[in-house]
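These are my notes from a first look through one structure. I kept them in the order in which I looked things up.

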Amino acid sequence: MKIAIIGTGYVGLPTGVGLAELGNEVCCVDKIKEKISALNAGELTLYEDGLEELFKKNVKAGRLSFTTSMAKAVIGADVVLLAVGTPPHPETKEADLQYIYAAAKELAQYLDGYTVIATKSTVPVGTGDEIEEIVRKVSPQADFDVISLPEFLREGFAIHDFFHPDRIVVGANSSKACEVMKQLYAPFEGKTEFLWVKRRSSEAIKYASNAFLAMKIHYINEMANFCEKAGADINEVAKGMGTDSRIGNKFLNAGPGYGGSCFPKDTNAMAQMARKYGVRLNLIETTIAKNDERKAEMAERVIAKIKNNPQGKIAVLGLAFKGGTDDCRESPAMDILKELLKHSNNIAVYDPKAMQNAEKLLGNQVMYAKDVYEACDEAEILVILTEWEEFRNLDLHRIRGLMKAHKIVDLRNMLNADAVKKSGFDYSCIGMNS
Ligand SMILES: NC(=O)c1ccc[n+]([C@@H]2O[C@H](COP(=O)([O-])OP(=O)(O)OC[C@H]3O[C@@H](n4cnc5c(N)ncnc54)[C@H](O)[C@@H]3O)[C@@H](O)[C@H]2O)c1
């Protein structure tokens with residue numbers, strides 16, 4: 001099939017590569033010229049495990065191309081996937097739909113033959129109706145359907161998740177569009193569950209899922225606070241809870257609060273959307289407020305540890321919002337760093353993949369270390385903010401030799417508390433009286 005993908009970001013690019021790998025002819029369009037130039041020069045514009053190999057293979061095979069021209073991508077396409085950003089509105093915190101509406105208006109000019117317009121972007125309930133109206137206004141004669149095709153990939157695992165989805169949700173009010181989707185997703189038939197639902201239900205499923213996961217993280221963080229006072233160990237408690245199949249073991253890692261480009265914006269958008277319908281989502285609203293507070297509280301824990309030597313160097317490991325990605329958008333690490341910077345101008349940072357993106361946000365306020373050990377050199381305190389696997393196996397002996405004082409604040413519970421203490425560190429982590 002011929003597929004156009006509008007928006008070549010963390011969703012659009014892996015999806016385009018995945019659909020090309022399945023044998024489709026995919027053309028990805030983005031309005032940022034530099035992105036398209038880089039991709040056409042064979043350079044990836046974001047980090048995702050396993051993306052590079054499939055990207056190169058499919059470009060070489062002639063199944064995957066990149067352009068800034070909406071016309072080039074959309075003319076003749078059987079399916080147009082909308083994967084543009086829906087960031088939070090700075091004041092109202094609602095999903096800002098200007099990019100998706102602009103893309104719909106533009107693509108509508110180039111529709112020819114029957115086309116399915118599928119929204120992969122996360123959009124409030126009812127946005128499909130709006131897109132339909134926009135397209136019809138621009139091209140009254142066009143033969144098209146608008147469906148909701150929410151994306152559930154996890155950054156860092158986008159390629160894995162594309163080929164092994166838990167489920168594929170299709171929100172369509174037209175059986176003709178469903179037939180096209182069945183054809184597109186035929187390789188997944190019998191391998192994953194398909195949910196054929198109303199378009200509005202599909203739009204709601206995405207927000208309801210993300211808000212639930214955010215609440216699950218908030219819940220385990222509250223339990224961690226409790227365990228710290230009650231003398232229990234949150235790692236043991238989470239394991240005990242997670243082995244119950246009704247609860248499940250995912251999203252039970254206590255930490256500095258959730259972040260990333262999805263959970264903060266989607267919980268806010270969900271709460272605002274519900275208010276418009278006259279419904280108060282108290283659980284979600286509390287989650288949002290408490291998650292914001294948590295990041296400041298985490299920074300305070302670090303500051304308390306260096307109050308005797310406030311100018312001592314702080315070594316920060318981890319900047320991305322989670323391990324496995326270079327994405328720093330709404331990263332808890334960034335929020336905690338901003339708090340730390342109010343107290344210290346002696347901070348060195350290191351992240352395996354996110355240094356470039358972090359530099360765009362932090363500028364010259366911090367020192368950028370080439371590895372863990374350069375960051376720790378002469379440091380007073382070591383703070384772990386992102387759960388990169390390589391931080392699990394730090395050479396503690398070497399780090400002890402490099403640091404001036406021997407304090408570790410591990411906000412991701414990456415290290416073995418007993419081993420760290422035995423190595424002579426003052427160690428604190430989350431959810432246990434370490
Ligand atoms: N990132 C994730 O893990 C994830 C997961 C599930 C769903 N989503 C949702 O998917 C959507 C996209 O997220 P993302 O992280 O890929 O965003 P992103 O910011 O990484 O990428 C969006 C891209 O769209 C481009 N764009 C915007 N308007 C355009 C237009 N008119 N024409 C062409 N290109 C245009 C931008 O230049 C940008 O490159 C959002 O709604 C998000 O909530 C994201």
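I took helices (H or I, at least four residues) and strands (E, at least two) as DSSP runs, numbered from the N terminus. The model is predicted: local features need pLDDT of at least 70, side-chain atom pairs count only at pLDDT 80 or more, and totals for chains, interfaces and linings use all residues. Residues are numbered from 1 along each chain as its sequence is written, and side-chain values use heavy atoms, with hydrogens and water left out.

**Entry 1**

I looked up Phe251 and found it in the loop between helix H10 (234-242) and H11. Its phi is positive, about 60 degrees, although Phe251 is not a glycine. I noted for background that most residues other than glycine have a negative phi. Phe251 counts as partly exposed because its relative accessibility is 31%.

Lys93 is another non-glycine residue with a positive phi, about 70 degrees. I placed Lys93 in the loop between strand S4 (79-82) and helix H5 (98-108). With 39% relative accessibility, Lys93 counts as partly exposed.

**Entry 2: a residue of H11**

Which residues does Asn268 contact, leaving aside its neighbours within four places in sequence? I took contact to mean heavy atoms within 4.5 Å. The partners of Asn268 are Lys93 and Ile288. Asn268 itself lies in helix H11 (residues 263-276). Its relative accessibility is 16%, so Asn268 counts as buried.

**Entry 3: helix H1 and the chain on either side**

I went through helix H1 (residues 12-21) and found it mostly covered, with 9 of its 10 residues buried. Among the buried residues of H1 are Gly12, Pro14, Val17 and Leu19. After H1 comes Gly23, whose phi is positive, near 105 degrees.

Val11 lies in the loop between strand S1 (2-6) and H1. I list Val11 as partly exposed because its relative accessibility is 24%. Apart from neighbours within four places in sequence, Val11 is in contact with Ala83, Lys120, Glu151 and Leu153. Val11 and Arg154 are 143 residues apart in sequence, yet their C-alpha atoms are 9.4 Å apart in space.

**Entry 4: two buried residues**

I found Val26 in strand S2 (residues 25-29). Val26 has a relative accessible area of 2%, so it is buried. Leaving aside neighbours within four places in sequence, its contacts include Gly16, Leu19 and Ala20, as well as Ile3 and Ile5.

Leu111 is in the loop between H5 and strand S5 (115-119). I noted Leu111 as buried because its relative accessible area is 14%. Not counting residues up to four places away in sequence, Leu111 touches Val74, Ile117, Val135, Ala142 and Phe144. From C-alpha to C-alpha, Leu111 and Phe144 are 8.1 Å apart, and in sequence they are 33 residues apart.

**Entry 5: the two domains**

The domain assignment gives domain 1 (2-197) and domain 2 (204-434); such bounds come from an automatic or database domain assignment. The contact takes 23 residues from domain 1 and 23 residues from domain 2. I also noted that the C-alpha centres of domain 1 and domain 2 lie 32 Å apart.

**Entry 6: the ligand**

How many residues surround the ligand? I counted a residue as near if one of its heavy atoms lies within 4 Å of the molecule. The shell holds 26 residues, and the closest are Asp30, Lys35, Thr86, Glu155 and Lys265. Why do I place the ligand between the domains? Domain 1 and domain 2 both give residues to the shell, so the ligand lies between them.

I sorted the shell by type, with Ala, Val, Leu, Ile, Met, Phe, Trp, Tyr, Cys and Pro as nonpolar, Asp, Glu, Lys and Arg as charged, and the others, Gly among them, as polar. That divides the shell into 10 nonpolar, 8 polar and 8 charged residues.

Next I looked at single atoms. A polar side-chain atom of Asp30 lies 2.6 Å from an oxygen atom of the ligand. A backbone N or O atom of Val11 is 2.8 Å from an oxygen atom of the ligand.

How values were computed:
Buried < 20%, exposed > 50% of the residue type's maximum accessible area, 1.4 Å probe, protein only. Polar contact = N/O pair within 3.5 Å; in protein donor to acceptor, adjacent residues only side chain to side chain.
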